[in-house]
Amino acid sequence: MFVAATFALAGQLAPASPAIQVAHADSPSPKAVFIVGPSSGMTESALTDAERMADQAEAVGMDVRRVFFPNATWDNVLANIQGASLVVYMGHGYGWPSPYTKVMTESRQNGMGLNSFVGSAPNQYTYYGATPIKNNIELAPNAVVILVHGCYTAGNGEPGMAIPGEDLARQRVDNFANGFLAVGAQAVFAFGWNQRLNYANALMNSNSTMDQMFMTPGGGSPAGFVGSNNRRFESQRTPSAMNHLDPHPNAGYYRAVSGYLNMTAADWRTGAAGTATPPPPPPEPGEPPQITALSAGSASTALLNDAEPSTATFHPNGDGLDDELLLQHTVTRAAYLDATVTNSAGETVRSYSVWSTTGTGTSRWNGKNDAGAVVADGPYTLTYVPRDTSGVVGHPVSTEALVLTAIALAVPTRAAIHVSDADSLFKSSTFKVTLNQPARLTWRILNAAGDTVRTVRSDAQTPAGVTSFAWNGKSDAGAWVADGRYLSVVSAQTGLGQYSQQRSVFVGAFRITPSISAPARGGKVTLNIVSTEGLSRNPTVTVTQPDIASWTVATSHVSGKKYKVTLTLKTGGSDGTVEFVVRGVDTNGGHQSSAVSLPLR
């Protein structure tokens with residue numbers, strides 16, 4: 001459900017006059033969140049397109065957050081998206097009407113397809129539809145959402161499907177936009193093709209309306225406004241909103257915008273300013289802005305203030321694990337922060353500026369120099385100098401960081417294995433480590449408790465190149481490990497330092513995700529089930545409640561190896577623990593099962 005068509009972003013709107021620039025002293029940097037979910041063979045191109053758009057947003061002063069595959073989980077999205085003024089999502093689009101469901105199911109439809117867990121494979125994803133979006137997300141006032149490449153988002157279907165009729169396309173556009181419009185967005189753009197217009201620049205430096213942006217000419221290409229048969233419709237899902245569809249005469253429906261289309265970019269900037277916490281009174285005029293705190297950690301560090309005081313390390317090697325350095329700063333009043341990055345020889349490798357509101361904020365360095373190349377391993381000093389809009393400069397403040405890129409961990413060949421049945425299906429998963437320099441390597445498989453179950457290498461000198469290990473689910477003692485999630489943890493020691501990174505794999509027949517962690521007697525619970533191996537028929541679920549005879553229900557097939565069942569627990573019996581046992585028969589005729597237990601109240 002991903003559109004395999006892309007165009008390079010090229011032309012931009014002309015820079016605006018200073019009168020419509022965001023320039024007053026306490027204007028916040030609008031938060032822009034870029035999300036790339038797994039999309040099988042299109043994942044890499046989506047990452048490239050999203051990075052290009054994110055760079056454009058940073059270039060015009062936005063506070064950019066990247067939630068990129070393989071770390072684009074629901075939890076990571078929620079940790080970054082709240083209060084965002086711009087959201088760009090690239091990944092699977094699962095909308096309605098579609099051939100997969102007879103009724104709209106917004107627990108999964110009209111939202112985002114994300115990593116099922118950190119490190120899950122490009123072809124493994126979980127849909128979070130309009131309902132969880134409405135229940136868990138709040139965007140900034142006047143926010144803009146841009147959906148790129150997803151099927152159904154712009155009225156389109158999937159590659160190979162017939163071009164839909166106008167009414168079907170409009171329903172898809174209207175339904176997909178509704179969830180985002182309900183949580184603060186005022187405009188939802190949907191593009192099957194990446195667009196030529198630099199939307200970040202248009203939002204920051206123009207007074208164009210959303211409709212005018214949408215109608216930026218594309219020379220007859222879906223990479224911009226086509227205009228051969230564009231239509232406007234009143235939304236059936238969102239009162240007062242409009243849908244504007246711009247079909248291509250040959251390709252069909254690959255461009256749409258929904259919402260309140262007369263909203264201007266200035267309105268968008270006002271919404272971004274309205275989300276800021278009111279700043280304290282400014283200091284006396286003429287007093288320079290000052291940075292009172294500056295600290296650094298990897299972008300995955302949740303709380304920089306709780307980090308160890310040692311030099312922060314990060315690893316910009318492109319494997320998606322700690323690829324960025326996150327800097328946290330506190331300033332006495334709103335200012336530009338002019339940053340320079342110098343290496344151990346004192347040479348400047350990167351210069352950039354970010355805008356900060358009064359108080360505490362964050363910025364990022366991606367480990368690249370001014371030419372766009374990743375810097376060499378070693379220590380770096382990042383110096384920030386505050387400068388207000390009048391040019392008054394405060395004192396420089398510096399922090400240290402260590403770049404280490406010796407190891408890059410590939411996504412395992414299988415996200416799950418089932419080995420204890422000893423058949424030929426999904427009997428191992430291969431982990432690959434690329435060393436760009438010789439290093440002492442320690443490689444272990446850990447269980448959920450952090451205990452080592454298998455040692456691959458122990459402080460072994462290893463040459464540069466690719467090292468792989470196919471794990472068959474056995475411990476060092478040669479026994480099958482228990483079902484559950486395991487981590488492949490690799491540590492590298494070079495002359496510059498030591499660091500560890502990890503990938504995960506599930507061992508077992510079924511991954512079972514309940515919709516509720518503590519169900520009540522007489523209440524409903526949904527089990528989302530992913531089979532590790534292919535099955536010959538739908539699995540069943542046996543339910544055991546305290547003081548009640550066990551009973552069995554059938555599951556429904558969702559897609560691929562995904563199954564689902566919603567069941568109502570018995571009202572009788574007593575509190576305690578309810579157990580769900582999923583049983584199935586694989587394509588080799590082997591019987592298998594997995595269980596999950598939940599507290600019952």
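I took strands (E, at least two residues) and helices (H or I, at least four residues) as DSSP runs, numbered from the N terminus. Two strands count as paired if DSSP finds at least two bridges between them.

The model is predicted: local features need pLDDT of at least 70, side-chain atom pairs count only at pLDDT 80 or more, and totals for chains, interfaces and linings use all residues. Residues are numbered from 1 along each chain as its sequence is written, and side-chain values use heavy atoms, with hydrogens and water left out.

Entry 1, a hairpin. I looked up β33 (residues 576-585) and β34 (residues 591-600), which pair in the antiparallel sense over ten bridges. I noted H591 in β34 as the bridge partner of V585. Five residues lie between the strands of this hairpin, and G589 takes a positive phi near 90 degrees.

Entry 2, an open sheet. I traced four strands in the order β27-β28-β32-β31, with antiparallel pairing. β27 (510-514) and β31 (556-559) stand at the edges with a single partner strand each, so one side of each has no neighbour in the sheet. Between β27 and β28 (residues 524-531) I found five bridges, and I512 stands opposite I529 in β28.

After α1 I noted G61, with a positive phi near 95 degrees.
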